[in-house]
Amino acid sequence: MSSVLFVCLGNICRSPMAEGLFRFKLAERGIEGIEVDSAGTAAYHEGEPPDPRTREVLSRHGIHYPMTARQVRDADFDRYEYILAMDRANLADLQSRCPASLSDRLHLVLHGEAGAGESDVPDPYYGGPQGFERVFGMLDTALDGWLDRVLDRTDGAGRATPR
Ligand code: 4NP
């Protein structure tokens, strides 16, 4: 079984958007057995639902999953095969906490596709609603790349294939 954890700062804007969109892509393709979650490097919003602007964008795209913000835990590094950071600050925070033996699990989410030019999914928290739609568009493309990459290592139903 494969597993993916999306990480941003607060776990209320970008990473829950990625989690919802990735769950939706898996469901559209009838893929079960891939564990998906999201978390924040900070605990500011622990226990809260996603930001209303994230919920609005997801809802507009027909995506409805209950989600609750939580902070990254030490156990996440062992549990998740792919840990995908929204920006370089999130990645640096994760690198400082992750055991060296597991650090190859950490990636920038925008490096999911070959040739992706930008490194960071911009934090939309202090901006307007258009920033959230832009984040959705960036994630939509990047997550297709990650889906291919994760499925390359599975039998298509989420089970890891030997190699
Ligand atoms: P996120 O956005 O990291 O995409 O969830 C933020 C949410 C809250 C804060 C910063 C970024 N904050 O400072 O409270």
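**Ligand site and parallel sheet**

An N or O atom in the side chain of Tyr 126 lies 3.4 Å from an oxygen atom of the ligand. This pair is a polar contact, defined as two N or O atoms within 3.5 Å; within protein, one must be able to donate a hydrogen and the other to accept it, and residues adjacent in sequence count only if both atoms are side-chain atoms.

The model is predicted: local features need pLDDT of at least 70, side-chain atom pairs count only at pLDDT 80 or more, and totals for chains, interfaces and linings use all residues. Residues are numbered from 1 along each chain as its sequence is written, and side-chain values use heavy atoms, with hydrogens and water left out.

**Exercise 1.** Find which backbone atoms lie 2.9 Å and 3.3 Å from an oxygen atom of the ligand, then state how much of the ligand's accessible area the protein covers.

*Solution.* 
- Step 1. On its own, the ligand has 350 Å² of accessible area, and the protein covers 92% of that. Areas come from the Shrake-Rupley method with a 1.4 Å probe; for residues, only the protein chains shown count as cover.

**Exercise 2.** List the residues around the ligand and divide them into nonpolar, polar and charged.

*Solution.* 
- Step 1. The list reads Cys 8, Leu 9, Gly 10, Asn 11, Ile 12, Cys 13, Arg 14, Tyr 44, His 45, Asp 123, Tyr 125 and Tyr 126.
- Step 2. Ala, Val, Leu, Ile, Met, Phe, Trp, Tyr, Cys and Pro are nonpolar; Asp, Glu, Lys and Arg are charged; the others, Gly among them, are polar.
- Step 3. The shell holds seven nonpolar, three polar and two charged residues.

**Exercise 3.** Locate Asn 11 in the chain, and give its phi and its burial class.

*Solution.* 
- Step 1. Asn 11 sits in the loop between E1 and H1. Helices (H or I, at least four residues) and strands (E, at least two) are DSSP runs, numbered from the N terminus.
- Step 2. Most residues other than glycine have a negative phi. Asn 11 is not a glycine, yet its phi is positive, about 60°.
- Step 3. Asn 11 is buried because its relative accessibility is 2%. The classes are buried under 20% relative accessible area, exposed over 50%, and partly exposed in between (1.4 Å probe, protein chains only).

**Exercise 4.** Identify the strands that pair with E1, and say how the residues of E1 are arranged.

*Solution.* 
- Step 1. Two strands pair if DSSP finds at least two bridges between them.
- Step 2. E1 (residues 3-8) pairs with E3 in the parallel sense over four bridges. Leu 5 stands opposite Ile 83 in E3.
- Step 3. E1 also pairs with E2, parallel, over six bridges. Here Val 7 faces Ala 39, and Cys 8 faces Gly 40.
- Step 4. In a regular strand the side chains alternate between the two faces of the sheet. In E1, Ser 3, Leu 5 and Val 7 point one way, Val 4, Phe 6 and Cys 8 the other, and all are buried.

**Exercise 5.** Trace the β-α-β units that involve E1 and E3, and give their handedness.

*Solution.* 
- Step 1. E1, helix H1 (residues 14-28) and E2 form a right-handed unit. Right-handed means that, with the strands pointing away from the viewer, the path from the first strand over the helix to the second runs clockwise.
- Step 2. E3 and E4 (residues 106-108) run parallel, joined by three bridges. Ala 85 stands opposite Leu 108 in E4. From E3 the chain passes through helix H4 (residues 88-97) to E4, a right-handed crossover.

**Exercise 6.** Explain why E2 is largely enclosed, and classify Glu 35 and Ala 18.

*Solution.* 
- Step 1. E2 (residues 35-40) is largely enclosed by the rest of the structure because five of its six residues are buried.
- Step 2. Glu 35 belongs to E2. At 22% relative accessibility, Glu 35 is partly exposed.
- Step 3. Ala 18 lies in helix H1. Its relative accessible area is 0%, so Ala 18 is buried.

Notes:
Near = heavy atom within 4 Å.
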